Number of protein chains: 2
Amino acid sequence: MSDDKLTPRSVDFSEWYNQLVLRAELADYAPVRGCMVVRPYGWALWENIQQALDRRFKETGHVNAAFPLFIPMSFLEKEKEHVEGFSPELAVVTHGGGEKLEEPLVVRPTSETIIGYMYSKWVQSYRDLPILINQWGNVVRWEMRTRLFLRTLEFFWQEGHTAHATEQEAIEETLRMLDVYEDFAINDAAVPVIKGLKSQTEKFAGAVMSTTIEAMMQDTRALQSGTSHFLGQNFAKAFDIKFLDEKNTLQYAWTTSWGLSTRFIGAIIMTHGDDQGLILPPKLAPIQVVIIPILKSDIDATPVMETVRRVEAELKAAGLRVKVDDRTEVTPGFKFNDWELRGVPVRIEIGPKDLEKGTAALARRDKPGKEGKSLVPQAGLVEVVKALLNDIHASLLARATAFRDSHIFDPKDYAELTEAVQNGWAYSYWCESAECEAKVKEDTKATTRCIPLNQEEGKGKCIVCGKEAKRKVYFARAY
Amino acid sequence: MSDDKLTPRSVDFSEWYNQLVLRAELADYAPVRGCMVVRPYGWALWENIQQALDRRFKETGHVNAAFPLFIPMSFLEKEKEHVEGFSPELAVVTHGGGEKLEEPLVVRPTSETIIGYMYSKWVQSYRDLPILINQWGNVVRWEMRTRLFLRTLEFFWQEGHTAHATEQEAIEETLRMLDVYEDFAINDAAVPVIKGLKSQTEKFAGAVMSTTIEAMMQDTRALQSGTSHFLGQNFAKAFDIKFLDEKNTLQYAWTTSWGLSTRFIGAIIMTHGDDQGLILPPKLAPIQVVIIPILKSDIDATPVMETVRRVEAELKAAGLRVKVDDRTEVTPGFKFNDWELRGVPVRIEIGPKDLEKGTAALARRDKPGKEGKSLVPQAGLVEVVKALLNDIHASLLARATAFRDSHIFDPKDYAELTEAVQNGWAYSYWCESAECEAKVKEDTKATTRCIPLNQEEGKGKCIVCGKEAKRKVYFARAY
């Protein structure tokens, strides 16, 4: 880590992001093009994301399993749209054990095909349904332009794959898991998201309907942060997932898939971070509280360290994730900067004066300088810190929501739309034709992000062609 | 699942194992040669193994991270023994994104090389050491003969990789992690293991010293259940992991690696299972207690189900993993067999008579028939069940230890050794020459399993050549 300041967001947002990921030791570049190493601090954040999601998956009746990394090439070819979508991005194993393989194996870019094959073996009767399985793992997509967390050749994610007896049940599942993602994003990551439908152009290759949660980053670009797909009977037909229903009729199952990846770490960084570094949402932060003893070389460290350790023990006993920075080779000021860079939500400083007065200095990461500092009694500190963490969560969420809402525009005409998407999102009526979507992309680089669910059906004119339109869509430049 | 009985262990142990893995729905064959699907019940067992180990890793100061799946072929070639050991087993990616790669990428068979490369970037000073990182993930070794869990092309594991400033620290780490594996095996899996050194022939490709925990299966074969390697400066030199020590001298680091895989599930199955199915150790069992309501079609189910749900709630509140089997389409007898097959440690039966008497019937999986059954009061059931689970753990461990110890022989001469390894292990003096080791393997298929640590140095004659020998070794046929 370096003492140099980060490039400010206003100067070069992209450079700020790259520097921050490296300096906060979230991830590093691997010696394989486009791949990343997720370093311990980044992985601890991912583990907390995993736990927050896994708990929700289990509460909604899902179980975890593991399917193979390798998929026979012929499997991908069984679903036409799927293979068209993924074939440009495949990593292919052609040799194993020193011999050329008869059939090349694809390193999974996603697992609908191989899981579909297994479900066809496991499902015979309606009693075998629903199957509600999730998998935590790695996948590979051969991307040309890569960014740490946002787009890497290998990434880490969960992919849920479910099979149902009826269309309605599968659609309900698709929307239920989108709700789970929204709940996680808002209540654990303090990342406000908009739920909606993907356009036909933007949907998952092989899906009937794709849904998404979309978040706005501080440069106003959209980040697709999680997706949930209703696959209809497409994969059931490709892989022969059939069951006898209660009337003894053979039916194809209805399937869904849904995924959220390490990309979400990018969403957290770019939603909350500032020019000093990360600001991690308290519920997911690997370290929620850092305690820094304020020591001087001419005084005995023992009494301060005793108090620091007692406070540490009290906070840990309350279930908080706490670290004491007891390094002696660096100054407290260096430590302040270091933990600010790493986005620890709360800092506690304890020095000799605090021992006399029974106090501790509290600094909240989300409010820099004096505004975020307070002197509080050591007695009752645990409750104060817990409340502060809750307040930081609420404050991060409110700030990000306000930022987003102030950057969503309602352009009057196409000219205004092309302006709007340079500094925010445009929320406009759209006729849902691929032509109009393509024109916007061509003219502005903005794509349709989502058609919000549950919007009242209205009557308007397509912002592009002026034809009649029923629903509004978000247009935005996106990651 | 089928009503057919399993092939008994005495008839065909190998067939018993294969049937059991499939019927208990731990795993299934994947449509890719040699790969497996770990089904939800098997993955839940693995998740419990992961938690039991991960807790111990973190208690001993380790953190998790994630390194890339792909390794440039040239990396493997930097450590001579390492590439010789692994090159016959590699899966190779030659094409990505539709193009032939300039340098082929290997799907990691283990990660010493790429992690070594990253450590060389991260380590400059003695202050950067030790690095204590573990990774949970998948690896691929192109095996010819595969068995579910025991040997598959892709398997799941953890691999710890540490770097230290001194040789002694690295050796201590190697042995510390072996102790962690032993502690886990004995205290969580009820699998007794013998800790020891691997011979030079059997050691990890690239290690200076390999250590192992070895377990005896019920067919008396040995299963290597976890290994911890002292790598000396071999990988540090190959990847240039250097640091400035406190005297400002440039030194190579000392590294270790240690791993335990889904193979351990095979150890659990073959240590504890019986002809009725799995017997899962209580601390790792996905379901510790199954409750079966005893209902008849001519009586009202409500009062029984109310009691069942109350008991379920009480057990869950005590932190136990409980399932109520409320299926109505199968009989209680079918359910008994089903959960016995799946190895649930404790079964509770509650029927109308129990409601009158305030009782519940308890059956412990490790003792079949009447011996394992008791009628207990519903009041205080939680404590009784907890004690029973502890007792089952102790009883499984004692039984496996007694079995193992009664199958370890001390042959008087080479002829006796060749006999001994047909029905057990031979524990004999060995001169530590590769020739004698090879002769035993050639004659009996038995290999050296380990030279136990902490054995008193003795004086004996090599069981093979008769030359002087200082230490005893276990010879056994192995998985």
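**A buried residue and its surroundings**

Guide: Let's begin with B:Phe149, which counts as buried because 27 C-beta neighbours lie inside 10 Å. Buried means 20 or more other C-beta atoms within 10 Å of a residue's own, exposed means 12 or fewer, and partly exposed is in between, with C-beta atoms placed from the backbone. Before we go on, this is a predicted model, where local features need pLDDT of at least 70 and side-chain atom pairs count only at pLDDT 80 or more, while totals for chains, interfaces and linings use all residues. Residues are numbered from 1 along each chain as its sequence is written, and chains are lettered from A and ligands numbered from 1 in the order in which they are written.

Visitor: OK, where does B:Phe149 lie?

Guide: In the loop between S7 and S8 of chain B. Helices (H or I, at least four residues) and strands (E, at least two) are DSSP runs, numbered from the N terminus.

Visitor: And what is phi of B:Phe149?

Guide: Near 70°, which is a positive value in a residue other than glycine. A:Thr220 sits in the loop between strand S10 (209-216) and strand S11 (222-230) of chain A.

Visitor: How many C-beta neighbours does A:Thr220 have inside 10 Å?

Guide: There are 19, so A:Thr220 counts as partly exposed.

Visitor: Switching to the sheet in chain B. What's the strand order?

Guide: S3-S7-S8-S14-S11-S10-S9-S22-S25-S21-S20, eleven strands in an open sheet with mixed pairing. Two strands pair if DSSP finds at least two bridges between them.

Visitor: Which strands stand at the edges?

Guide: Strand S3 (63-64) and strand S20 (408-409) of chain B. Each has a single partner strand, so one side of each is left without a neighbour in the sheet.

Visitor: What packs on that sheet?

Guide: Helix H6 (residues 167-187) of chain B does, touching S8, S9, S10, S11 and S14 of chain B. The direction of H6 makes about 155° with that of S11(B). Helix H8 (residues 263-272) of chain B lies across S8, S10, S11 and S14 of chain B, at about 145° to S11(B). Contact here means C-beta atoms, placed from the backbone, within 7 Å. Axes are lines fitted to C-alpha atoms, for helices over the stretch in contact, and angles run from 0 to 180 degrees between N-to-C directions.

Visitor: How do S8 and S14 of chain B pair, parallel or antiparallel?

Guide: Antiparallel, over eight bridges. One of the pairs is B:Trp157 with B:Ser261 in S14(B).

Visitor: Now the two chains together. How many residues of chain B are in contact with chain A?

Guide: 42 residues of chain B, against 42 residues of chain A. Strand S5 (residues 91-96) of chain B gives the most to chain B's side, with six residues. That side divides into 30 nonpolar, seven polar and five charged residues. Ala, Val, Leu, Ile, Met, Phe, Trp, Tyr, Cys and Pro count as nonpolar, Asp, Glu, Lys and Arg as charged, and the others, Gly among them, as polar.

Visitor: Over to helix H9 of chain A. Which residues are buried?

Guide: A:Val304, A:Thr307, A:Val308, A:Val311 and A:Leu315. Seen down the axis of H9(A), they fall within an arc of 100°, so they line one face of the helix. The arc is that of the directions from the helix axis to the C-beta atoms. The face turned away carries exposed residues, including A:Glu306 and A:Arg310.

How values were computed. Contact = placed C-beta atoms within 7 Å.
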